[in-house]
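Please keep the viewer open as you read.

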Amino acid sequence: MRKFFIFCLIFLILPFSLSAGVCYAESESRDIPILMYHQILKSWTGDYIVTPKTLQDDIKYLKNHGYEPIFVEDIINFCEGKSSLPEKPVVLSFDDGHYNNFFYAYPIIKEENFKANLNVIGGFCDFSTTSGDIDNPNYSYLTWEEIKFLHDSKYFEIGNHTFKMHNFKPRFGIKRKDNEDIESYKKALEDDIMKLENKLKNDCGFSTDVFAYPFGVYSKESEEILKNLGFKAFLTCNEGINKVTFNDNSALSHLKRINRTGKLDTETFFQKHHIT
Ligand SMILES: [Zn+2]
C-alpha cells in the first residue's frame, strides 16, 4: 500500500516538475545592455558628456520599451544561481565619480525610480573631501560623504575604479609596466585597489565586489589578481550587449558596455545599438 502511495505521488508530481523545468530552461539567459555614462552637464555635450535632459529621455525610452533597471550586483547573483532577473534588464553605469552625477543624475534617477551603477576613483574623491574644493558640477568629484549618501539611497551601487591608477602615464590604467616584475606589479595593484576598498568600508560603511577597468584596460594577470582580492564582476569598455546565463559566471569577467555619447539623441542612440 505504501509503495503504491509513493508510486501515485511520483505520477502526481512529475508533470509539474517537468513543466517547471521547461519554464526554467526558457528563462535561464538574458541579454543585458550596460550603458556607460561619464559626466552629466547642462551646458556641454561630447563623447563623454550628456545633458540631464538626454539622461531623462534615455530613461523614459528604456521604460517605454519595457526595460527594467538592475545593478551589476544583480547580474552577479543571477550568474551565481542565487536570484532571477527581469525579462529585459538594463544597467546604467557612471564612471569616475563626478559631482555632477550627484547634482544632475541623482534627482532624475530618483524621480524616475530608476537605479544606476557608479564607479569612483578614490584619489579624486579624497581630494574633494580634504581640499574642500567641492560642489561645482563642472569639475568637482564626489566626497566620501556623498558616496555614502548615494549608496544608502539605494538608487546607486558603487564600484571600484582604482584609487590612483586612472592615468595614461607612467602606467596605462592598471596595466603592468615594461620591465616591472610580477611581484612588484601585484603589490602595486593590490595596494592601490585595497586603499579605495578600505576607504569605502571605513568612511562609507560598505564594500563592493564590482570593478571597472580604467580605460577598459585589462590582462589575464590583472584579472587573476583582482579575483583573488574578492572582486566578482568586471566592467570593460568593450562594446556590445551582454549575454548572461543563470548559474554561469563566465560572462562576469568581461562585461561589455556601450559608451553613451552626448552627440546622439536618445532615439538615434538606441536604434544604432539595437536597444529596442
Ligand atoms: Zn574612468
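Which residues touch the most other members of the largest nonpolar core? They are Ile-75 and Phe-234, in a core of 65 residues. A nonpolar core here is a set of buried Ala, Val, Leu, Ile, Met, Phe, Trp, Tyr and Cys residues joined through C-beta atoms within 7 Å. A residue is buried if 20 or more other C-beta atoms lie within 10 Å of its own, exposed if 12 or fewer, and partly exposed in between, with C-beta atoms placed from the backbone. Helix H4 (residues 99–111) gives this core its largest share, seven residues.

Two notes on reading what follows. This is a predicted model, where local features need pLDDT of at least 70 and side-chain atom pairs count only at pLDDT 80 or more, while totals for chains, interfaces and linings use all residues. Residues are numbered from 1 along each chain as its sequence is written.

Leaving out residues up to four places away in sequence, Ile-75 touches Ile-32, Ile-70, Ala-233, Val-244 and Leu-252. Such a contact requires C-beta atoms, placed from the backbone, within 7 Å.

Helices (H or I, at least four residues) and strands (E, at least two) are DSSP runs, numbered from the N terminus. Strand S7 is largely enclosed by the rest of the structure, because five of its five residues are buried. Ala-116, Leu-118 and Val-120 point one way, Asn-117 and Asn-119 the other. In a regular strand the side chains alternate between the two faces of the sheet. S7 runs parallel to S6, and four bridges join them; strands pair if DSSP finds at least two bridges between them. Across this pair, Asp-95 stands opposite Asn-119.

**Helices H5, H6 and H7**

In helix H5 (residues 122–131), the buried residues are Gly-122, Gly-123, Phe-124, Cys-125 and Ser-128. They pack against strand S7 (116–120), helix H6 (144–152) and helix H7 (182–204). After H5 comes Gly-132, with a positive phi near 80°.

How far apart are the axes of H6 and H7, and at what angle do they pack? The axes are 10 Å apart and the angle is about 80°. H6 is therefore roughly perpendicular to H7, a label for angles of 65 to 115 degrees. The axes are lines fitted to C-alpha atoms over the stretch in contact, with angles from 0 to 180 degrees between N-to-C directions. On the H6 side, Trp-144, Ile-147, Lys-148 and His-151 meet Lys-199, Asp-203 and Cys-204 of H7. These contact residues divide into three nonpolar, one polar and three charged.

**Backbone details**

A cis peptide bond joins Lys-169 to Pro-170, with omega about -5°.

**A last stop at Lys-63**

Is Lys-63, with 15 C-beta neighbours inside 10 Å, exposed, buried or partly exposed? Lys-63 counts as partly exposed, and its place is in helix H2 (residues 52–64). From Lys-63 to Leu-229 there are 166 residues in sequence and 36 Å in space, C-alpha to C-alpha.

How values were computed:
Contact = placed C-beta atoms within 7 Å. Parallel < 35°, antiparallel > 145°, perpendicular 65-115°, else oblique. Nonpolar A, V, L, I, M, F, W, Y, C, P; charged D, E, K, R; others polar.
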